[in-house]
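Reader: Can we go through this one together? I'd like to talk strands, core and charges.

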Amino acid sequence: MAVCINFKIDDMKTYVFTICLFCLLACSQAAKETPAEMLPEPPEISISDAEVTEADSNNEMVFSVQLSKASDELVQVKYDVQEGTATAAFDYVSTLGTLVFQPGETEKTISVSIIGDNVLEVDESFKVLLSEPVQAVLLLSEAVGTIRNDDTSDDIVVPAMGYET
């Protein structure tokens, strides 16, 4: 159905507008009734636990961060490393930042530097937390990083002078 509207400006020209009422009604109805299932589901972000053997020198622990599906949009998520039984600056280098997934990418990594030593100790851990996603939702927002001790009592260094009892 079409409606014609005629009007004149300054008695010089007549303008005719034809409006398709069906199109206007259909568009306004669709805007009011856009069901959630018609909107695209955002990708879900998850992070995996990681572990590494400590070693006597510095090492890297790598966490994998995945999107459940590729996105046509730029996706971002912030990350922060927090202490557990492992202590920042003694067992690992604390870090924070933002991961940016370009359109089409589905995996990124977070590297945490591990500080090696030759101290006999129990396995230690820390957490990597994800937050503030953009163009995505968090599915698994926390991962545990485990530093496996590889030192034995044979590795313990005793000063040349020894100890007196």
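Author: What follows goes from the sheets to the core and then to the charged residues.

Reader: Ground rules before we start?

Author: The model is predicted, so local features need pLDDT of at least 70 and side-chain atom pairs count only at pLDDT 80 or more, while totals for chains, interfaces and linings use all residues. Residues are numbered from 1 along each chain as its sequence is written, and side-chain values use heavy atoms, with hydrogens and water left out.

Reader: Ok. Which strands make up the 5-strand sheet, and in what order?

Author: The order is E4-E11-E9-E6-E7, in an open sheet with mixed pairing. Strands are DSSP runs (E, at least two residues), numbered from the N terminus. Two strands pair if DSSP finds at least two bridges between them.

Reader: Which are the edge strands?

Author: Strand E4 (50–53) and strand E7 (96–101); each pairs on one side only. Neighbouring strands in this sheet are turned by 25 degrees against each other on average, direction ignored. Those angles come from axes, which are lines fitted to C-alpha atoms, and run from 0 to 180 degrees between N-to-C directions.

Reader: How many bridges does E9 make with E6?

Author: 7, in the antiparallel sense, with E6 covering residues 75–83. In that pairing, Lys-78 stands opposite Ser-131 of E9.

Reader: And how many join E9 to E11?

Author: 6, and these two run antiparallel, with E11 at residues 142–148. Lys-127 has Val-144 in E11 as its bridge partner.

Reader: What about the 4-strand sheet, which order there?

Author: E8-E5-E3-E10, open and with mixed pairing. Its edge strands are E8 and strand E10 (137–140). Here too, neighbouring strands are turned by 25 degrees on average, direction ignored. E5 and E8 pair antiparallel over 8 bridges. Ser-64 stands opposite Thr-109 in E8.

Reader: Switching to the core. Which residues touch the most other members of the largest one?

Author: Phe-63, Ile-110 and Phe-126, in a core of 26 residues. Strands supplying at least two residues each include E3 (44–47), E5 (59–67) and E8 (107–114), along with E4, E6, E7, E9 and E11. A nonpolar core is a set of buried Ala, Val, Leu, Ile, Met, Phe, Trp, Tyr and Cys residues joined through side-chain atoms within 4.5 Å. Buried means under 20% relative accessible area, exposed over 50%, and partly exposed in between (1.4 Å probe, protein chains only).

Reader: Why would they gather like that?

Author: As a rule, nonpolar side chains tend to be buried together in soluble globular proteins.

Reader: Now charges. How many salt bridges?

Author: The count comes to 5. The rule asks for a side-chain nitrogen of Lys or Arg within 4 Å of a carboxyl oxygen of Asp or Glu.

Reader: What does Arg-148 pair with?

Author: Glu-51, with the closest N and O atoms 3.1 Å apart. Arg-148 is in E11 and Glu-51 in E4, 97 residues apart. Arg-148 is partly exposed, at 31% relative accessibility.

Reader: And Glu-132, what is its partner?

Author: Lys-78, with the closest N and O atoms 3.3 Å apart. Glu-132 lies in E9 and Lys-78 in E6, so the pair ties together parts 54 residues apart in sequence. Glu-132 is exposed at 52%, whereas Lys-78 is partly exposed at 37%.

Reader: Which residue bridges to Glu-142?

Author: Lys-127, at 3.5 Å between the closest N and O atoms. Glu-142 is in E11 and Lys-127 in E9, 15 residues apart. Both are partly exposed, Glu-142 at 42% and Lys-127 at 34%. Elsewhere, salt bridges that share partners join Glu-51, Asp-123 and Arg-148 into one network.

Reader: Last one. Is Glu-124 buried or exposed?

Author: Glu-124 is buried yet has no salt bridge. The nearest side chain of opposite charge, Arg-148, is 11 Å away. Charge here counts Lys and Arg as positive and Asp and Glu as negative, leaving out His and the chain ends.

Reader: So what does Glu-124 contact?

Author: Leaving aside neighbours within four places in sequence, Glu-124 is in contact (heavy atoms within 4.5 Å) with Thr-85, Ala-86, Asp-91, Gly-145, Thr-146 and Ile-147. Glu-124 itself is found in strand E9, residues 124–134.
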